[in-house]
Amino acid sequence: MSWATSAPGMAISRTPKDASAEEAAEDQPQRRQKVVVVGLGMVGIAFIEKLLKLDVKRREYDVVVIGEESHLAYNRVGLTSFFQHRKEENLYLNGKNWYGSHPEGALNYHLNTKVTEIKPQEKVVITSAGDTVSYDILVLATGSDALLPRHTPGYDAKGVFVYRNIEDLQKLITFAATVKGTTGAVVGGGLLGLEAAKAMMDLEDFKHVKLIERNRWVLSRQLDGEAGGLVVELVRALGLDVMLSKRVGKIEVDENNAVKGVVFEDGEQMDCTCLMFAIGIRARDELARAAGLSCADRGGGIAVDDDLRTSDPNIYAIGECSSWQKQTFGLIAPGIEQADVLAFNLTQAKAHSPRKFKQPDLSTKLKLLGVEVASFGDFFADRDGPKDLPRRHAKKEENNNAEGRRQSKVQALTDGPLPPAVKALTYKDPFKAVYKKYLFTPDGKYLLGGMMIGDTKDYVKLVPMVKNKKVLDVAPSEFIIGASKDGEDNGDDLDDDTQICSCHNVTKGDVAGVVKDGSCKSIGDVKSCTKAGTGCGGCMPLVQSIFNKTMKDMGQEVFNHICPHFKYSRADLYNIIYVKKLQTFADIMKDSGSDPDSMGCEVCKPAIGSILSSMFNKHLLEKPINGLQDTNDKYLGNIQRNGTFSVIPRVAGGEITPEKLIIIGQVAKKYGLYTKITGGQRIDMFGAKKHQLLDIWGELVAGGMESGHAYAKSLRTVKSCVGTTWCRFGIGDSVGMAVRLEERYKSIRGPHKFKGGVSGCVRECAEAQNKDFGLIASEKGFNIFVGGNGGATPRHSEILAKDVPPDDVIPILDRYLMFYIRTADKLQRTARWLENLPGGIKYLQQVVLEDKLGICAELEKQMQELVGTFYCEWTEAINDPEKRKHFEQFANTKETRDPAVEKIEERDQPRPSYWPKPSVHDDFKGTRWTGLSWQPIVEAKQFADVPTGSSKTVLRGDTQLAIFKLKGKFYASQQMCPHRRTFGLSDGLIGESTGEDCGKDRKLWVSCPYHKRNFQLNGEVDFEAKDKGAGSCSNDNSMSIATFAAEERDDGWVYLKLPPVLELDNVLGTNRWAIKADESADPFESLDQKLGLKKGLRGRKPGGQNIGAMPGTGNVDASAHRQAVKVAAAPRLDW
């Protein structure tokens, strides 16, 4: 890459070949000093960030950074995540715009450029392109190279890799695709080795992944044998085959010099096609050596003093390429500390005492293959002896040596070494896979270091104790006992100088400081300003907690606004709407919105729709509120991944008659629907096309059924056991109570879905204690439990009231549910609401049972009003001609299309093919059409002129298009969302940007109903930038959509400016992007083969003969030992 094109507008000022740097400086008598940084890695960019920040007022320096790789500085700590997203830009520490955001000349950057020579006498560096770049100060941040065992035969074979940078990963990805189903191996069981092993496993191309370690346990530089052995057990349980005490003696290759296996030094052989070495690093000091700078002989590295200065006073070295006191550091934290020291000294040393680089903290806290691992302080003090004792103990140790504790060489040989001056406190819980070892001075007054596996939450508190050498105010045993206490780290008991982010050396005080001075008002601002959380990300919960606490201490509210369009929480907005009786979105926006004319967004619209429904219970397809609904509510069914919908009729309490079961079966068979029993004791029918919904509902309603509201943020089900209806153990009629509760609360909408359960006795077969409300029958009535849920974050419910008579259950639940609906946050389940409720369950009991707030009568009245407004939403839609129009597939034709996902027959039922993993990254918005012409597409009268916007799907050729009417104007785009190739953009919610910075040209976007990708609809198409202009995606700039000009004309039609049909179909046609079955593999294929199954089923062979025992399971075929019995029945499966 040439200098002219590598950083546009930022050309390096070159020194003429025959001129010295001093002569060049004469033309600029007050010029700023030029700092040239060689290396654009994590340490290099950290130094640049610090220098620019500290130099912003003085402007003493201009920085030129030369990077050998073709990428901007990226997060090597998070390199493994590359296998999930495959996007280099997702790893960037700063976006490209950041590099150009500084004052002119302050930062010039150049990529894909290697520095080949340093000339210290001339103060210039030479690049591989022959360019000469002068410097006043040179900073070497060249990092390190991964070691390859060049003494091992076969080290240069095809299939041998190292794990160091993006290019290494890209090579591995490409190669792995050519050897699918084989064995891959990683050599080296350190931090890097475990990361590399995870990378190989994430590829999912290798059938087996093995880890080869020469020691008896992994992470031998951080952990002792006990801890390392536990990690081995844990990672083996996760599917990684760990081979210990193994050394690779030879790499075997085939005739093409490709890896085919390894031979270990003990003679054992192993087949594999890929080897990745993670056996260490070597400092890249070759540039410095060639320039005559002093370098360490053993282990390499550019020798630096406490100022990070090399043997040349104008050259510094930081990061993994440097050797300080004959030590090199392979962790990111010491390099960041060096960057901090050097940047401070260059900018602040005139007014402050210079900082010295001191022995760095090598504490580490990582999550490797899902296993929490941490080591801190002097973690091998019990093995190697303490390195840095507190002063009083250091003197005591000297006195002991003076008094004869020292050993002679003969004594050391005969008696063994003296025990180190430390005591260890060890805790191991094999059931929870937790191991902790803390090392103390012999009197237990000082913590020296330690290691933790499984439970590392105390790490951030223990590290400063070691660093600060503070006398402990608790007994050592408290460290273990305290670790078992519940609760998350909140940062309250941490000092300001406590390091909370080891990747970027950020302290608690740094985070609190930027919040207090007003420069950071959101957690995103804090991450950008301090870099906390931008490395491994493990510190983010604590960073968030410190941010929240600091904001509260300043009297600043940590805003819980519903979205930028409303500066109110959901509870506040609920009360405003309730008191003022506002009944439309437009009225609410004018009364309480940030901008009275805004269209809102995909966040506030459903929240307001839910509030209106929980007050007035109007039909969701009514025009004033239809534009507020997510696709599920909009079509009264759950949208599935192939664009069809599921249909679930209500089965109150799980009780259903045979006649209704038959009707469900007939409907499912008639329309080819996939059926499944739900966890809430209902029957779900999948695969209903939008234009079939009305007919399906009609047949179900005619059979005496109604909507089950499975699509709504409302009551789903009240699950029950049979109780006294049938069960001999039952002491309460659980079915009867469940039916009554479900009939009462059906269709009631809330901030989130809520579920109930009723058990007839303490055996709890209905699992009532993990529901939003649950009843368990007692001898005196029912015990009422609230605030539980399953799902992603399960929570056991808490008891609200005991021995409640059946007649009193309804009033208590009325109050509880109505209080929840009034006060909960948007999309907040009762579990989280109760956790956050001041006073928790005690306060709730006071409000609901004791009427502490004096609102119980009002709560009961409001619930009764809602219950009295019930109607079946399906029936209303069936009988209303206007509502029926919502279910037409296309607005411009009666033609229908099958879902654009190929069907698969599985276990005698149809299902859609799996989604392929990659998204579509074609630059649709940048499509250069050969020609565009205006064409009438659909009548304008089909669009409702409402404040929330309206939309339709149209068909042209084989291409589906989405047309939107927003604020009186028309917009058009492709119907397909490129994220998962789903055809549903016309059903997405519309959003509009708000705020003072927006001006008149506010962005309008549609939010895909599947996974909320937001695509801009208005503005000009920016063909140069994929992430800007019409068609761009604001929350995933890797994708875009095509947009088309649209307008309504005097003839009453909406015209679109489109390319020819064939050209449009070639780019956006439905068949072009339909998902095929062969695009994804069957995840159970190998399992079925192993277990002798067919699509998961065993079945029987023709004639009633039993299938034999599963191979390899040790099961006995019992049929050989009993008399055959012939049954004249059809076989279950005919294979």
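Colleague: Let's start with Asn617: buried or exposed?

Modeller: Buried means under 20% relative accessible area, exposed means over 50%, and partly exposed is in between (1.4 Å probe, protein chains only). Asn617 has a relative accessibility of 5%, so this residue counts as buried.

Colleague: Before we go on, what am I looking at, and how is it numbered?

Modeller: This is a predicted model, where local features need pLDDT of at least 70, side-chain atom pairs count only at pLDDT 80 or more, and totals for chains, interfaces and linings use all residues. Side-chain values use heavy atoms, with hydrogens and water left out, and residues are numbered from 1 along each chain as its sequence is written.

Colleague: Back to Asn617, then. What is its phi?

Modeller: Asn617 is in the loop between α21 (604–616) and α22 (623–626). Helices (H or I, at least four residues) and strands (E, at least two) are DSSP runs, numbered from the N terminus. Its phi is positive though Asn617 is not a glycine, and the value is near 55 degrees.

Colleague: And Asp908, buried or exposed?

Modeller: Asp908 is in the loop between β37 (903–906) and β38 (909–912). It is a non-glycine residue with a positive phi, about 65 degrees. Its relative accessible area is 69%, so Asp908 is exposed.

Colleague: Which residues does Asn560 contact, leaving aside neighbours within four places in sequence?

Modeller: You'll find Asn560 in the loop between α18 (540–553) and α19 (570–580), and its relative accessible area of 33% makes it partly exposed. Its C-alpha atom is 8.4 Å from that of Arg570, 10 residues apart along the chain. Taking contact as heavy atoms within 4.5 Å, the partners of Asn560 are Tyr568, Ser569 and Asp825.

Colleague: How many bridges join β39 and β50?

Modeller: These strands belong to an open antiparallel sheet of 3 strands, ordered β39-β50-β49. Its edge strands are β39 (933–939) and β49 (1046–1048). Ser933 stands opposite Leu1058 in β50. Between β39 and β50 (residues 1053–1058), the number of bridges is 6.

Colleague: What is the volume of the largest cavity?

Modeller: On a 1 Å grid over the protein atoms alone, a cavity is a set of points where a 1.4 Å probe fits but cannot get out; a pocket is an open set with protein on both sides within 12 Å along at least five of seven lines, and lining residues have an atom within 4 Å of a point. Grid points are joined across faces, edges and corners, and a volume is the space filled by probe spheres set on the points. There are 2 cavities of 30 Å³ or more. The largest has a volume of about 350 Å³.

Colleague: How many charged residues line the second largest cavity?

Modeller: This cavity has a volume of about 50 Å³, and its lining includes Leu636, His709 and Trp874. Ala, Val, Leu, Ile, Met, Phe, Trp, Tyr, Cys and Pro count as nonpolar, Asp, Glu, Lys and Arg as charged, and the others, Gly among them, as polar. The lining has 6 nonpolar and 5 polar residues, and the charged count is none.

Colleague: Which element supplies the largest share of the lining of the second largest pocket?

Modeller: That pocket has a volume of about 1,500 Å³. Of its 43 lining residues, the closest to the centre are Asp202, Leu203, Glu204, Asp205 and Lys917. By class the lining has 15 nonpolar, 12 polar and 16 charged residues. The largest share, 4 residues, comes from α7.

Notes:
Two strands pair if DSSP finds at least two bridges between them.
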